[in-house]
Amino acid sequence: MKENESTAPADFIRDIVATDVAAKKHDGRIHTRFPPEPNGYLHIGHAKSICLNFGIAAENAGGCCNLRFDDTNPVTEEPEYVESIKADVAWLGFDWSDREYYASQYFETLYESAVGLIKRGKAFVCSLTESQIRDHRGTLTEPGSNSPDRDRAVAENLDLFGRMRAGEFEDGVYVLRAKIDMAHSNIHMRDPIIYRIRHAEHHFTGSAWCIYPMYDYAHPISDAIERITHSLCTLEFEIHRPLYDWFVNEVDLPCRPRQIEFARLNLSYTVMSKRRLLELVRDGNVSSWDDPRMPTLSGIRRRGFTPEAIRNFCRRIGVTKYDGITDIALLEHCVRDDLNKHSPRAMAVLNPLRVVIENYSEEHEENLAAINNPEDDSMGIRQVPFSRVLYIEQDDFMEDPPKKFFRLAPGREVRLRYAYYITCTGVDRDPATGQILQVRCNYDPATKGGSSPDGRKVKGTLHWVSAVHAVDAQVRLYDRLFTVEDPLADTSVSDYRELLNPNSLEIVDAAKLEPGLADAAPGARFQFERLGYFCVDRDTSPQQHIFNRTLPLRDSWAKIRSQQNGKQANDKTA
RNA sequence: UACCCCGUGGUGUAAUGGUAGCACAACAGUUUUUGGUACUGUUUGUCUAGGUUCGAGUCCUAGCGGGGUAACCA
């Protein structure tokens with residue numbers, strides 16, 4: 001990670017941390033953790049939390065951040081997710097060193113702490129069924145009522161809890177509950193369940209356990225065991241904080257961590273919850289968890305987004321308690337900003353139109369020097385082959401151009417980037433269909449390299465690829481996943497998936513690339529001049545080159561054109 | 001109609017009782033061998049009503065609006 005990246009602007013959490021450091025709380029020690037449950041893939045919302053937790057650790061002398069898998073529910077968790085999470089955190093650029101922990105490592109301590117709670121009369125074994133417990137819990141507006149088992153003798157609780165662990169009971173027969181207050185205004189304080197029986201294989205502990213601790217119990221104690229100083233989580237856990245504090249106070253622990261909540265990231269034109277993302281994958285709305293349209297870290301990685309851009313984005317969105325929705329345009333800006341500075345340029349034609357330079361010899365061909373990145377001289381130059389027959393973009397030619405169209409048209413002169421000025425002398429069309437087959441041009445040999453000795457100006461510059469040298473490729477054009485900013489809030493449809501963008505993927509099968517692109521490795525990123533940023537897909541092969549469009553370049557001509565179309569439509573209706 | 005949290009331009013965020021600033025977006029322009037980039041400029045904001053204070057986005061009260069919470073999920 002770069003030096004200038006290492007500090008983020010202050011926010012309310014960093015203020016608290018700074019205050020605690022100054023007050024020598026925890027001896028001035030700062031220790032955070034990123035605690036994913038291994039039951040799904042990480043998305044860009046997790047990146048916010050990762051950047052926050054690892055960022056704060058890095059900004060404070062001696063600060064550490066643990067990677068801790070919160071694996072207390074064996075029925076939903078799998079090693080596949082552990083591996084993908086580790087890969088994603090590492091890709092984002094963060095190093096947890098040897099601090100890779102699992103809540104399941106603490107099962108014995110957690111168990112003993114629960115025994116301690118029972119001995120002190122702070123927990124009891126309850127035989128109520130799931131629905132009875134729900135009924136006893138009361139509602140948001142009414143208090144709950146005590147379990148008939150609430151005053152069970154300590155010795156009996158101890159015996160029962162030991163037999164729960166020993167596997168004497170079926171799932172659901174007993175639970176262990178904290179004894180707090182069934183009339184508490186916070187429902188989470190109404191004798192919450194802290195252990196349940198689950199005869200299930202755990203991805204890490206196998207069949208060693210058949211009782212598993214609940215999040216509210218396991219999390220504060222895991223934090224304390226790791227001597228976490230600041231336990232950062234999202235807003236929906238705010239109401240759990242009194243319970244977090246209750247356990248921190250009631251259990252004898254080496255450290256008293258503080259939970260602080262911040263707003264999760266919401267992004268426009270996408271959905272972020274694991275559940276929705278799973279639906280999209282399962283129902284085939286996207287091809288996989290790493291479909292380049294997905295907001296998963298694996299998806300945006302395959303799309304061509306860089307970890308630098310994502311870190312920069314996370315720094316710029318800030319950290320607050322306001323639950324808003326961030327414009328995806330800011331993410332896109334960060335990606336373009338990074339890619340503009342660092343990705344090499346190349347020329348590629350997506351929708352080829354044949355151009356014949358009639359006064360350029362059929363026998364002749366030459367190499368022309370092209371700048372690899374005008375933003376960075378150190379990236380040097382490359383040679384691009386030029387010959388009599390070329391491809392240009394279909395959009396770059398119009399027989400009857402509107403106002404402000406600066407590209408090729410009959411009689412018009414334009415520049416071919418790094419090559420020559422050419423003037424259109426005519427078009428050849430299919431006599432049957434009238435479709436344009438090719439454009440005929442003359443070139444000016446004096447304009448080699450793309451500038452004229454007489455200083456005459458041309459308004460348009462076109463990218464091009466030499467036909468005989470061109471490499472064929474499939475190009476996948478990705479766009480935003482949804483057509484509206486907040487698909488889940490839209491009440492005009494019954495299912496948010498009706499709002500999926502039907503044009504979020506367009507496949508171009510016959511793109512023509514400059515030859516140097518043929519041996520680009522999977523993951524390699526380029527700017528195709530005048531088009532956008534592209535990267536080599538992981539499915540690419542020597543037989544079929546595949547590129548993904550990361551993002552298009554900003555396009556002010558597209559804006560003018562749509563304004564002109566709008567005006568035309570208005571004129572017609574008027 | 002219980003409790004908790006949150007309200008600053010279109011969006012995201014600063015201002016820690018003392019000139020409401022930044023970024024993105026939008027719009028206009030300059031430069032340009034990418035209609036990209038860069039640069040310049042413009043538009044738009046403290047939810048409302050009271051109170052405290054020389055002075056309130058900031059503190060207090062009430063209202064209004066938004067979010068969260070009743071898995072043996074995390």
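## Salt bridges in the model

The structure holds 43 salt bridges. This count belongs to a predicted model. In general terms, side chains of opposite charge can pair when their charged atoms come close.

One of these pairs is formed by Glu261 and Lys321, whose closest N and O atoms are 3.8 Å apart. The pair connects distant parts of the chain, since Glu261 belongs to strand 9 and Lys321 to the loop between helix 11 (307–317) and helix 12 (328–342), with 60 residues separating the two.

## Division into domains

Chain A is divided into three parts: domain 1 covers 3–262, domain 2 covers 274–344 + 473–559, and domain 3 covers 348–463. Between the C-alpha centres of domain 1 and domain 2 the distance is 35 Å.

## Where domain 1 meets domain 2

The contact between these two domains involves 29 residues of domain 1 and 25 residues of domain 2. About 2,400 Å² of area is buried between domain 1 and domain 2, and carbon and sulfur atoms give 68% of that area.

In a salt bridge between Asp88 and Arg301, the side chains meet at 2.2 Å, N to O. On the side of domain 1 that touches domain 2, at least two residues each come from helix 1 (12–22), helix 2 (44–59), helix 3 (79–92) and strand 9 (258–262). Helix 2 gives the most to this side, with 6 residues. By type, the residues on this side of domain 1 comprise 16 nonpolar, 6 polar and 7 charged.

As a general principle, strands of a sheet pair through backbone hydrogen bonds, either parallel or antiparallel.

Strand 15 (residues 389–393) and strand 20 run antiparallel and are joined by 2 bridges. Opposite Tyr391 stands Val465 in strand 20.

Note on methods: Residues are numbered from 1 along each chain as its sequence is written. Chains are lettered from A and ligands numbered from 1 in the order in which they are written. This is a predicted model: local features need pLDDT of at least 70, side-chain atom pairs count only at pLDDT 80 or more; totals for chains, interfaces and linings use all residues. Side-chain values use heavy atoms; hydrogens and water are left out. Domain bounds come from an automatic or database domain assignment. Contact means heavy atoms within 4.5 Å. Buried area is the accessible area (1.4 Å probe) that two parts lose on being put together, summed over both. A salt bridge is a side-chain nitrogen of Lys or Arg within 4 Å of a carboxyl oxygen of Asp or Glu. Helices (H or I, at least four residues) and strands (E, at least two) are DSSP runs, numbered from the N terminus. Ala, Val, Leu, Ile, Met, Phe, Trp, Tyr, Cys and Pro count as nonpolar, Asp, Glu, Lys and Arg as charged, and the others, Gly among them, as polar. Two strands pair if DSSP finds at least two bridges between them.
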